[in-house]
Amino acid sequence: MSTTRPYSPGDRGPESEAAVADAPADRVSGVPAARQVRRLSLNGASGIVPLARDYTRQALHAWGWLPADGADRRAAAEDVLLVVSELVTNACLHAEGPDELWLSCDGKVLRIEVSDRGAGQPAPRTPHRAGRPGGHGMFIVQRLCLDWGVVRTPGVTGKTVWAELGAPA
C-alpha cells in the first residue's frame with residue numbers, strides 16, 4: 001500500500017476535466033492510441049455499486065478489455081470490476097457515499113479513483129481473518145492491485161482513494 005504518495009512513479013496526477021476522452025483501442029494489439037479517461041458522477045445516484053460496475057464494464061468494452069479472448073484477459077477485467085465494487089462500497093459504508101468514479105488507462109495500467117467526503121483512512125483490517133465477516137474490501141484491493149493509496153487536498157473535505165491494476169497481456 002502506498003498511502004504516502006498520491007500517485008505512482010511517473011504518473012502526472014489526475015487528468016483535468018478537459019482531458020476526459022475515450023480514444024478507441026487498437027483492436028489488433030489492444031493498445032490504446034492515447035491515455036483514456038472516463039468520469040462518472042455518483043453524487044445523489046441510487047444503486048451506486050451496480051451503476052459503477054456497469055459504467056466500468058462499458059469502459060472495458062470501449063477500451064478493448066472485453067469481450068475477453070482468454071482466461072487471463074477475463075480475469076483482469078473481473079479484477080477491475082471487483083476493485084471498483086470494493087472502493088465504491090467502502091465509500092458508501094464509511095464515507096457518506098462516493099462523489100465520483102474516475103477510470104483511466106494508458107495501455108499498461110488501469111487506474112481507478114473514487115472520491116468521497118469522508119474523513120476516515122481506508123486500510124486493510126489486520127490481522128486479516130478470512131472467516132470473519134466484513135472488513136475484506138481493502139484487503140482484496142491490496143491483493144489485486146499493483147498499488148493503491150489516498151489523496152487528500154488541504155482545506156477540502158474528503159479524499160480520493162485510488163488503485164492501479166496492470167493491463168492484460
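Me: What makes the lining of the largest pocket divide into nonpolar, polar and charged residues?

Reply: The sorting goes by residue type: Ala, Val, Leu, Ile, Met, Phe, Trp, Tyr, Cys and Pro count as nonpolar, Asp, Glu, Lys and Arg as charged, and the others, Gly among them, as polar. On that basis the lining comes to nine nonpolar, eight polar and four charged residues. Before we go on, please keep in mind that this is a predicted model, where local features need pLDDT of at least 70 and side-chain atom pairs count only at pLDDT 80 or more, while totals for chains, interfaces and linings use all residues. Residues are numbered from 1 along each chain as its sequence is written, and side-chain values use heavy atoms, with hydrogens and water left out.

Me: Why is this called a pocket, and which residues lie nearest its centre?

Reply: A pocket is an open set of points on a 1 Å grid over the protein atoms alone, where a 1.4 Å probe fits and protein lies on both sides within 12 Å along at least five of seven lines; lining residues have an atom within 4 Å of a point. By that rule 21 residues line the largest pocket, and Asn-90, His-94, Pro-122, Ala-123 and Met-138 lie nearest its centre. Its space is about 360 Å³, where volume means the space filled by probe spheres set on the points, with points joined across faces, edges and corners.

Me: Which elements supply the lining?

Reply: Helix H2 (71-94), S3, helix H3 (137-144) and strand S5 (159-166) each give at least two residues, with the largest share, six residues, coming from H2. Helices (H or I, at least four residues) and strands (E, at least two) are DSSP runs, numbered from the N terminus.

Me: How do you know that strand S2 is largely enclosed by the rest of the structure?

Reply: Buried means under 20% relative accessible area, exposed over 50%, and partly exposed in between (1.4 Å probe, protein chains only). Seven of the eight residues of S2 (residues 98-105) are buried, so the strand is largely enclosed. Across the whole chain of 169 residues, 43% count as buried.

Me: What makes S2 a paired strand, and which strands are its partners?

Reply: Two strands pair if DSSP finds at least two bridges between them. Six bridges join S2 to S1 (residues 36-41), and the two run antiparallel; here Gln-36 stands opposite Cys-105. Seven bridges join S2 to S3 (residues 109-116), again antiparallel, and Leu-101 has Val-114 as its bridge partner there. Both counts meet the rule. The S2 and S3 hairpin has three residues between the strands, and Gly-107 takes a positive phi near 100°.

Me: Why is His-61 called partly exposed, while Glu-96 is called exposed?

Reply: His-61, in helix H1 (residues 48-62), has a relative accessible area of 35%, so it falls in the middle class. Glu-96, in the loop between H2 and S2, is at 60%, so it passes the exposed cut-off. Glu-96 also has a positive phi of about 65° although it is not a glycine.

Me: How do you know that His-61 makes a polar contact with Leu-66?

Reply: A polar contact is a pair of N or O atoms within 3.5 Å; within protein, one must be able to donate a hydrogen and the other to accept it, and residues adjacent in sequence count only if both atoms are side-chain atoms. The backbone oxygen of Leu-66 lies 3.5 Å from a polar atom of the His-61 side chain. The peptide bond from Leu-66 to Pro-67 is cis, with omega near -5°.
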